Every structure is written in structure tokens, then in C-alpha cells.
Amino acid sequence: MTKPPKPKPLLQDAEKPVRSRPRKPRDPAQPNLSLDPMPDRIEPCLALLKPKPPNGDDWVYEIKWDGYRLAVHVEPTRIRILTRGGHDWTDRFPAIKQAALWLPVGTAILDGEAVVLDKKGRSDFGLLQQSLGGRGGKKSSSDAIFMAFDLLYFDGHDLRNSELDMRRHLLEDLVPVGEQGDIRLSEQIEADGDQLLASACELELEGIIAKQRRAPYRSGRGGEWLKIKCIQSDGFAIIGYEKSTASFGGIGRLLLAARKGDELVYVGGVGTGFNERSAAELREQMDKLIIDKSAVDIGRKRNAVFINPKLVAEIEYRAWTHDGKLRHASYKALRDAADEATVYELA
């Protein structure tokens, strides 16, 4: 839990009274600084998936965090914590809310990721979901911390048209490097992209993010931010499952689909990565969505149960087969609706 910052001593001599500097009358010729209205919500900038990191002085790197994308709004009378989809989750992250109250700023919007760290300091999406009560759960998490990586609004000024270097400079004043509270800085790393990716993979991290240092902040997936993963991990629609009496939750294999244009296309299945808890959660969610016929052409499948493809599973995989199926796939987690997880799009 974050501790409030220690107040700085106001006086060298405690016996003398506190006096503020005399206030000078305002010069009428001095112009007023214009203030930008504080946005109610900002659509996040999203990283574009690439197989290799870019190189050059125009790029800086960060660790890729595996959690929930959040925006922390520090407003004059309140703190708001919004998910990527715009849902208000302030009450679900009380420690982050309290840490935001202690930030030395009047108004601000911080962009970042809520994560729960494992014993080795790596972000673990499964631990984060457990701390919130599972997919669709309503629990508050006291374990989650906020890794801040951008500053979009600061004391009355909209920073989105400023270069990343400028936004980071202000962010590092607000959240100093090495701070170990419930709001921490996602540190930038200036390095060779290929070497940094190799190091990240060796440490079993999810990957790295590359950002154009002179780019403004643009909502959507415009290519100013890139993500390079050690292991491929994407969202796929669950279209059903094959029954098994020998597996957790009676789930032998999940049947998965990706998006191609306006349609869903079958991309194979996944039968590993479940534990008793995650399989029970899956069955509870899938049993509410059972339909008579598959929504996607999957060929003939024995002992298959079909569901309305409204659930999105995060799946780790190594590669694709020549006929467009996932290779060495492993189930990771169910994505929450509030996280607005996208279904992988086939080229």
C-alpha cells in the first residue's frame, strides 16, 4: 500500500512564523495563459504488432506490461480511473486512486497499465484477474499497481500535440524514476531494439514496446507505437468446445475463430493452459451462450458444444500452420468485456 509522501519542512527555524512572499499586483499588459478544457475521456493510442523491433535514434523502448489499460484522471474534485473501453473502475483500484490523490498536480490524465507483479517482478495477467474476482468479477484489487507511461493532460494543458519526449519529461517530474508506490513509472530504455528484445525474452517477459520519440499522441493504431512480442499472444473468439470427461471443467479443447473482414474464420483449438479454476469459470460463461449450430464453418467435430461467439480468449501460440491454424497454442485467460479486447484479424 502506498504511503503518503513525507511533508517537506517549511522552516529552517521552527520559532519563526510562516510567512508567504508578498503578492504583487498583476500587470494588465501581461497576457493570460490560455487553458485547455480537460477531456472527459481520451481514446488510447494502441500499439501495432510487428515481428521485429525498429532501430534508430527516432525510437525509444519500454517493457510490454500484461494487464488492463487504464487512464487515471486527476480532476479538481475527484479521481477517475477509466478502462480502455471507457468504463469507470475507480472503486476497483482503491490503492491506485489513493496514490493519484497524492500526486503533486492539480489536474492530469495519466496513460498506463494496471498490473499485478509476480515474485520475479513480472506482470501476470492471470494474477490481476484473480485479484479482481475473475472475468466479470466485482472485487477491488489492493494488489494492482499502475505503471504510468504517458501524460496526456497536465495542469490545464492538453499535451497530446506535444512530442513524446516532452510528455515523458513532465511525467518523470510527476512520477520519479524508481518510485515504488502504487503508481510507478514505466521506464524508457535507450538501447538496440534486437538486443533488448532478446533480453526481455530471456527474462520471460511478454515483449517490448517501441515508440517514436518525436510523435504526438494519436488515438488508435497509427504506427507511432509498435509492440514486439517474445511469444505471440492474441485474442480469439470462442465458438465452442469439445467435451472430455478427463479434463478440467469437461473441456477437452476450445474451438477458436479469428476475424477476416466482417466474418469469423475457424483457426483451430486449444487444449492446454487450463487449471481447475479457469476451466470452471470458462464453463460457467460458455453454458450461458450455448446454441444449436456453429456460427462458423469448422467441419465435422465429435462431441462439440457450440456457443454464441461473444467470449474472447487470450491465447499464446508459437506460429501458424500452412492451412491457417494455430500451432502450439495455450489458453491464457478470458478477456473482460470492459477491456474491449479485439479479435485477431487475419490478413
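Reader: Hi! Is Glu 172 buried, partly exposed or exposed?

Author: Hello! Glu 172 is partly exposed, with a relative accessible area of 32%. Here buried means under 20% relative accessible area, exposed means over 50%, and partly exposed lies in between (1.4 Å probe, protein chains only). A word on the source: this is a predicted model, where local features need pLDDT of at least 70, side-chain atom pairs count only at pLDDT 80 or more, and totals for chains, interfaces and linings use all residues. Residues are numbered from 1 along each chain as its sequence is written, and side-chain values use heavy atoms, with hydrogens and water left out.

Reader: Thanks! Which residue forms a salt bridge with Glu 172?

Author: That is Arg 168, with the closest N and O atoms 3.5 Å apart. A salt bridge here is a side-chain nitrogen of Lys or Arg within 4 Å of a carboxyl oxygen of Asp or Glu. Arg 168 counts as buried, at 2% relative accessibility.

Reader: And where do Arg 168 and Glu 172 sit?

Author: Both are in helix 3 (residues 164–174), 4 residues apart, so about one helical turn separates them. Helices (H or I, at least four residues) and strands (E, at least two) are DSSP runs, numbered from the N terminus.

Reader: What about Asp 158, who does it pair with?

Author: Asp 158 meets Arg 160 in a salt bridge, at 2.6 Å from N to O. Asp 158 is partly exposed at 24% relative accessibility, and Arg 160 is partly exposed at 24% too.

Reader: Switching topic: which residues touch the most other members of the largest nonpolar core?

Author: Phe 93, Leu 103, Leu 110 and Ile 183 do, in a core of 33 residues. Such a core is a set of buried Ala, Val, Leu, Ile, Met, Phe, Trp, Tyr and Cys residues joined through side-chain atoms within 4.5 Å. Strand 3 gives the largest share, 4 residues.

Reader: What is Ile 183 in contact with, leaving aside neighbours within four places in sequence?

Author: Its partners are Ile 96, Ala 99, Ala 100, Leu 103, Leu 110, Phe 146 and Val 175. Contact means heavy atoms within 4.5 Å.

Reader: Nice. How many residues are in the second core?

Author: That separate core has 24 residues, including Ile 238, Val 267, Ala 313 and Tyr 331.
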